[in-house]
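Please consult the sequence and the structure below while reading.

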Amino acid sequence: MMHRDSWTQRALVLTLGLLWSLPAAALNAGLGTPPPNVDRQTPQAAVQGFLSAAHRGDYATAAHYLDLDYIPRAEQAERGVQLARALKFVLDRKLPVDVGSLSKEPEGDPSNARYDQLGTIPLQGNTIPIRVQRVPSEEGLVWVFNESTVRQVDPLFAEYGPRLVGFLPAFFFSDTVLGLEPWQWLGLLVTLLGSAGLAALLERLVLAFARRLARWTRFTWEDNVVSSGKGPVKLLTFSALLVVGTLLLRLPRPAQGVFLRVGYSLSVVALAWAVLRILHVSATFVQSRLSSEMKDASRARSVSTQLVVLRAIFEVATYVIAAALLLIQFEVVRNVGVSLLASAGIAGLVLGLAAQKSIGTLLAGIQLSITQPISIGDTLITEGEWGTVERITLTYVVLRTWDQRRLVIPITQFLDKPFQNWSKGNPEMLGPVILQVDFQTDIDALRAELRRILENEGKDMWDGRVATVVVMDVLDRTLTVRALVSVSDFSKLFDLRALVREKLVAFLRAHPLWLPVTRTEARPFPPPELASSLEPASPVAPPVPPRA
């Protein structure tokens with residue numbers, strides 16, 4: 001019995017040794033040897049490599065990042081290209097990948113080293129996890145999209161993929177240009193042309209139907225309103241058709257987001273255009289009725305003036321609301337757009353138009369939001385105050401000063417008066433330190449001391465560019481000396497200047513003769529006899545010649 005157990009152990013050890021000596025099974029043997037640029041050593045490298053290859057249309061390389069061992073070797077090359085393309089399409093549409101959140105270590109996430117999950121995608125009431133997993137290959141252990149994920153690619157693509165795969169040649173799905181496949185570019189062209197043509201046709205039909213309805217009344221105002229819809233109706237219809245057409249093309253999220261914003265902007269412009277047209281038609285109609293029916297000319301002029309003011313109020317309100325609706329879709333100026341929209345009430349506009357200064361403030365706020373000489377978080381110097389922009393509204397700017405006070409500044413001041421914005425451009429800055437010293441001061445010693453201070457106490461703030469000491473002015477009793485230093489970030493400038501000023505004053509205090517002093521000169525007073533001799537003789541009048 002003992003002898004049989006020893007033979008069994010020897011056979012087991014021999015078998016394990018043979019298995020260990022054999023080369024590892026090739027991963028995706030039907031695809032051939034991976035190209036040299038295929039990096040599958042970490043989860044982040046694998047996902048980034050797959051997305052890069054797929055987005056440039058190299059689906060044959062992207063297939064090496066998939067676990068295809070469940071597919072027969074003879075079919076792996078063809079199926080790998082199809083699955084890589086389908087997975088890229090599904091990820092672009094339903095799961096934007098944050099590559100930076102994936103592990104950069106070959107061992108993966110320490111909390112779960114078996115796989116690294118990108119996220120989940122809903123499918124028919126279930127959630128499908130999208131994962132990369134570390135599997136053995138002839139190169140060792142590598143990271144690829146695991147088998148369970150690859151098996152779900154076809155159902156996901158059937159749910160979220162385009163419906164034209166079976167109707168167009170393979171050329172339209174073989175490559176990408178700027179992130180879009182040829183069939184999508186073709187679809188965009190068809191969508192633009194078709195939307196334009198269909199919008200023109202729908203505009204004619206809608207206006208023709210509206211004119212037929214307007215003829216049932218005896219007023220001409222409806223007829224003019226219908227005629228003013230030519231243009232805005234076409235633009236509004238075009239924007240709606242453009243958005244619907246691009247949604248059917250299943251574009252990637254960034255591209256789809258662009259077309260959604262374009263469609264939204266065109267809709268806002270079309271509605272504002274229609275409102276302005278209606279205001280013009282209504283004002284003209286009322287003006288003509290007043291001229292024909294009012295007998296009192298002064299009363300007619302008064303009502304006409306009121307009509308002009310009301311029309312101006314509504315037009316400004318339309319511009320303000322339209323501008324606000326356009327601004328709020330952009331993150332950079334969303335706060336300005338929200339403030340613009342909130343301040344666009346009719347009552348507020350009436351009061352605003354009653355005062356020209358308020359109108360100027362509104363326009364200044366719009367101009368400031370477009371040109372952006374200041375932004376939230378910028379460091380400014382204005383009105384002799386140094387602070388940070390904390391809030392920007394349509395009418396004022398809130399500046400948080402260095403001592404935590406809040407300075408409220410009218411927004412027109414930033415368009416009418418100069419101010420310093422330290423946050424624009426390069427953050428590097430120079431700062432002077434002014435000292436008054438005696439004429440006997442050794443300027444070279446001051447230069448050496450400044451260099452010592454910057455290289456020791458101020459090394460964490462000084463950027464090493466500028467460290468100079470010059471005599472700026474010569475006064476009757478002192479010299480004006482300027483020490484100039486530089487920093488890479490303006491937030492360090494105040495502290496560095498204070499440090500240099502403190503250390504240089506301490507250095508001057510160690511040399512008392514270099515400190516400013518007041519000198520007086522004492523002269524002895526001359527004795528009286530010497531003083532009288534020093535006085536000039538009194539002038540003697542010349543003799544008068546006798547008269548003849």
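The largest pocket has a volume of about 310 Å³. The model is predicted: local features need pLDDT of at least 70 and side-chain atom pairs pLDDT 80 or more, whereas totals for chains, interfaces and linings use all residues. Residues are numbered from 1 along each chain as its sequence is written, and side-chain values use heavy atoms, leaving out hydrogens and water.

**The largest pocket**
- A pocket is an open set of points on a 1 Å grid over the protein atoms alone, where a 1.4 Å probe fits, with protein on both sides within 12 Å along at least five of seven lines; lining residues have an atom within 4 Å of a point.
- The lining has 13 residues, of which Trp386, Trp402, Trp422, Ser491 and Phe494 lie nearest the pocket centre.
- The lining divides into six nonpolar, five polar and two charged residues.

**Residue Glu385**
- Glu385 belongs to strand 5, where a strand is a DSSP run (E, at least two residues).
- Its side chain makes a polar contact (N or O atoms within 3.5 Å, one able to donate a hydrogen and the other to accept it) with the side chain of Arg405, at 2.9 Å.

**The nonpolar cores**
- A nonpolar core joins buried (under 20% relative accessible area, 1.4 Å probe) Ala, Val, Leu, Ile, Met, Phe, Trp, Tyr and Cys residues through side-chain atoms within 4.5 Å.
- The largest core has 38 residues, and Phe50 and Leu66 are among those with the most contacts inside it.
- Apart from this core lies another, of 27 residues, including Trp422 and Trp514.

How values were computed: Buried means under 20% relative accessible area, exposed over 50%, partly exposed in between (1.4 Å probe, protein chains only). Grid points are joined across faces, edges and corners, and a volume is the space filled by probe spheres set on the points. Ala, Val, Leu, Ile, Met, Phe, Trp, Tyr, Cys and Pro count as nonpolar, Asp, Glu, Lys and Arg as charged, and the others, Gly among them, as polar. Helices (H or I, at least four residues) and strands (E, at least two) are DSSP runs, numbered from the N terminus.
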